[in-house]
Amino acid sequence: QVQLVESGGGLVQAGGSLRLSCAASGSIFNIYDMNWYRQAPGKQRELVASITNSGRTNYADFVKRRSTISRDNAKKTVYLQMNSLKPEDTAVYYCNADILSRDRRDTYWGQGTQVTVSS
């Protein structure tokens, strides 16, 4: 059974930094794209950043130059380093990954980690 578990969220003042982590576990043969999404109260879930298994990255305009997505394939983990945080970055951040497991290839989601930025 494949699982994604996020960590690293919390309360931070505006201008501060956080590093989110998401570790995949289970009978995994390969992990393709890994992504971070976020969902603020009353808003739709939106893509924050993505990274392919070869390391190519893509960012939403609202986090460009403030965030860095990276991954450690040996640890089956993706990271999101967020700097210069703003109150509007407050949201639940979710990890998402395209994973080939023993049973099938599918898209998996983590349970989310809360990020709160105070002004």
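The model is predicted. It holds 7 salt bridges, among them the pair formed by Arg38 and Asp89. Ser21, for its part, lies in strand E3 and is buried.

**Arg38 and Asp89**
- Arg38 forms a salt bridge with Asp89, and the closest N and O atoms are 2.9 Å apart.
- This pair links distant parts of the chain, 51 residues apart: Arg38 belongs to strand E4 (residues 28-39), whereas Asp89 sits in the loop between strand E8 (77-82) and strand E9 (91-101).
- Both Arg38 and Asp89 are buried.

- Asp103 pairs with Arg102 in a salt bridge whose closest N and O atoms are 3.9 Å apart.
- Asp103 is exposed, at a relative accessible area of 58%, and Arg102 is exposed as well, at 57%.
- Arg104 forms a salt bridge with Asp106, with 2.9 Å between the closest N and O atoms.
- Arg104 counts as partly exposed at 43% relative accessibility, and Asp106 counts as partly exposed at 31%.

**Shared partners**
- One network, joined by salt bridges that share partners, comprises Arg38, Glu46, Arg66 and Asp89.

**Ser21**
- Ser21 is placed in strand E3, which spans residues 18-25.
- Ser21 counts as buried because its relative accessibility is 17%, under the 20% cut-off.
- Beyond its neighbours within four places in sequence, Ser21 is in contact with Val5, Glu6, Ser7, Trp36, Thr77, Val78 and Tyr79.

Methods. Residues numbered from 1 in each chain as written. Predicted model: local features only at pLDDT ≥ 70, side-chain atom pairs only at ≥ 80, totals over all residues. Heavy atoms only, no water. Helix = DSSP H or I, 4+ residues; strand = E, 2+ residues; numbered from the N terminus. Buried < 20%, exposed > 50% of the residue type's maximum accessible area, 1.4 Å probe, protein only. Contact = heavy atoms within 4.5 Å. Salt bridge = Lys/Arg side-chain N within 4 Å of Asp/Glu carboxyl O.
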